[in-house]
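Hi,

Here is the structure I promised to pass on. Have a look at it first, and then read on for what turned up.

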Amino acid sequence: MSTYWRTFKTAAWLGWEMDSNWTEPWLFVLYSIIKPVAGAFILVLMYVVFVAIGRPQGDPDAFSYMYVGNSFFIFVASVLFGTFQVIQSDREWYQTIRYVYISPISYYVYILGRAASKIAVSVFAVAITLVFGVMFLGVRLHLALTDVPLFLVSTILGLSVLLAIGICLGGISFLTAKHTHGLAEGIPGLFYVFCGVLFPLSVLPEWGQAIGRAIPLTYWFDITRRLLTSTSASTSTVNTTLQGFDAPTILLFLVVSSVGFFGLSVLIYKVGEYFARKAGKIDMTTSY
Amino acid sequence: MSVATDRRTDLRYRVGLNLRAVVGRSYPRIVGANREPSWIFFEAFLPLLGIAAYVFIYQFFGFQATAAILGNPPMCGNHVCASVAEQNQYLAAVNANTNALIASVVLGGTMVAFWLNVLWSMASQLYWEKEIGNLQLYMMAPMNRMALLGGMAVGGMVMTSMRAVSTLVAGIFVFGVIFQVANPLLLLAVFFATLVALYGLGMMFASLYLLWGREAWNLSALMEEPIFFSSGFYFPLGGLFRIPGWGPAVAIAGSFIPASIGLDALRQLTLGSTAFGGSLWIFNVTTELEILVGMAVLFLILARYCLAYLETLAKREGKLTSRHQ
């Protein structure tokens, strides 16, 4: 266990250094703010344009739904990318994977450690985006003191699921060429579409809603939104299709699916690693 | 003058050499990438999901607006609908605007493919080549370095076209977007002028990124969402002018990226200049084409100068090929 902890700590430190040592701290902070805020502004402008030409009275419920979902989606994009890109960057960019891989540590734990720095930066970006929304865009947030433990538990579970999904992708990327950017865009896109991040599941066709309900992130976004937004599910004009479940039930769904995804991540990682070793692909480079 | 020297200064030989360099550098992108079958899934299919999300947002807004119009009481704008005819008129307007906005997203998604290719496979490429040790070979090779960048650009355009085409096809067949192309020749002219200007910018960035070293990767990452926002990839750029104060300033700054003007012109040519009530366009198409041609020429010239500066620096400091800096 102490080896695992030492690996995790060292990998987290390495990840932080690699993320932040390319520039001055103030520029790093600025960089960490601009990207998520600009991402939020794309949605703000989409809303502004629609209101300007289609619905002059506005739709605050829809806007809050979208804004909070988008803020927490920063975790998804960042943590997923931070996890699966470890293998590809070590293999293709730094070409150090062979040295790390043969060292007497758990490479699985090493990947988790490398991703930890991304989580730290994401917490900061999510907070900035939410505060910006509250201060300048009229987003109404309200977290009751009694809901704080539930919020923390659901956030930890949500992040664990993200790490598990990232490891699954890492296992697959053992076998593929350098598709970091396709994966970085595509997999979050999958969750963007099916998990009710920016629009409720009711917008999707039945089969799309079924896919969404099979992904734990759907429940994470739903419970987070319930705890943070002041509009209650019964008064909101947005039909999430999950109003029939109370918060503890949603949390239960999240717990069960998190455990399932953790098991899946170990399985996919081991299978990917096995076939990569067999095919001699652990340290391949595909630079075209 | 020796025969070899005489041959190297011969114009026909130099043109042939540089054309071969263009073909040679574009070859691995066009052929090499397609040898990896998983590429199609990762680079063409998966990114479609991100575009789909933006399409569904507009559909969500459309559903919400429709529900308000059909609600009790039925709302037409800020007032209760006076008659069924007015209600129908508002419903038709919401449907038309939603379709036009979805079409805007599809066109923006097509351009996103090219912009990401410019950032990650043009601008960052020389830095990447340095890291993996190819740059010194390029610097020693006898062809013009612009031919090398040209080859990268041609290969990148062809490679990215698949993703762009799949986005368009998905837009038409999956999301039911209707494009009305009245002037296909002008559309092609705008499209290719936009691409040349974009890749010219990428060629310029390629040299600059090499000078900026490790910040290059982060700069590329930083030029995704902020550029998608300021250049109106997912909404008509004119929407920014609706925001008093900072909106027009951001729109003008974003217009320095050729994709913004190009997208505005492409949207006008495929949706009709009367879409959105004609209130969200920047200039007319002809003016935008002229601006794009000007940008293309300017960026190619600047790329040549940046590359020349880089070569001078390489010779003077002798550390251009030092890795991890």
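To start you off: in which helix is the place of B:Met203? B:Met203 sits in helix α8 of chain B, residues 184-212. (Helices are DSSP runs of H or I with at least four residues, strands are runs of E with at least two, and both are numbered from the N terminus.)

Before going further, some ground rules: this is a predicted model, where local features need pLDDT of at least 70 and side-chain atom pairs count only at pLDDT 80 or more, while totals for chains, interfaces and linings use all residues. Residues are numbered from 1 along each chain as its sequence is written, and chains are lettered from A and ligands numbered from 1 in the order in which they are written.

Back to that methionine. B:Met203 is buried, because 28 other C-beta atoms lie within 10 Å. (Buried takes 20 or more other C-beta atoms within 10 Å of the residue's own, exposed 12 or fewer, and partly exposed is in between, with C-beta atoms placed from the backbone.) Leaving aside residues up to four places away in sequence, B:Met203 touches B:Met122, B:Leu149, B:Ala153 and B:Ala303. (Contact is when the C-beta atoms of two residues, placed from the backbone, lie within 7 Å.) B:Leu148 is 55 residues away from B:Met203 along the chain, yet their C-alpha atoms are separated by 9.8 Å.

Now chain B as a whole. It has 14 helices and two strands, and its C-alpha atoms fill a box of roughly 90 × 40 × 40 Å along the principal axes. Chain B has 325 residues, of which 48% count as buried. If you take the contacts in chain B between residues at least 6 apart in sequence, 81% join residues at least 24 apart.

Next, helix packing. Two packed helices are described by the angle between their axes and the distance between the axes. Helix α4 (residues 84-123) and helix α7 (residues 145-173) of chain B pack at about 155 degrees, with axes 9 Å apart. (Axes are lines fitted to C-alpha atoms, for helices over the stretch in contact, and angles run from 0 to 180 degrees between N-to-C directions.) That angle makes α4(B) roughly antiparallel to α7(B). (Under 35 degrees is roughly parallel, over 145 roughly antiparallel, 65 to 115 roughly perpendicular, and the rest oblique.) The crossing of α4(B) and α7(B) is right-handed. (Right-handed is when the near helix is turned clockwise from the far one by less than a right angle, left-handed when anticlockwise.) Among the residues making this contact are B:Ala103, B:Val106 and B:Gly109 of α4(B), and B:Met152, B:Ala153 and B:Gly156 of α7(B). By class, the residues of the contact of α4(B) with α7(B) are nine nonpolar, eight polar and one charged. (Ala, Val, Leu, Ile, Met, Phe, Trp, Tyr, Cys and Pro are nonpolar, Asp, Glu, Lys and Arg charged, and the others, Gly among them, polar.)

α7(B) also meets helix α14 (residues 285-317) of chain B, where the axes come within 10 Å and cross at roughly 125 degrees. α7(B) and α14(B) are therefore oblique to each other, and their crossing is right-handed. B:Arg145, B:Met146 and B:Leu149 of α7(B) make the contact with B:Ala303, B:Arg304, B:Leu307 and B:Glu311 of α14(B). That contact of α7(B) with α14(B) has four nonpolar, no polar and three charged residues.

What about the two chains together? Their contact takes 53 residues from chain B and 44 residues from chain A. On the chain B side, α3(B) gives the largest share, 20 residues. The residues on that side of chain B divide into 34 nonpolar, eleven polar and eight charged.

The peptide bond from B:Asn72 to B:Pro73 is cis, with omega near 5 degrees, and B:Pro73 is in the loop between α3 and β1 (75-76) of chain B. In chain A, A:Gln95 has a positive phi of about 55 degrees although it is not a glycine. A:Gln95 lies in the loop between α3 (60-93) and α4 (97-102) of chain A and is partly exposed, with 14 other C-beta atoms within 10 Å.

Cheers
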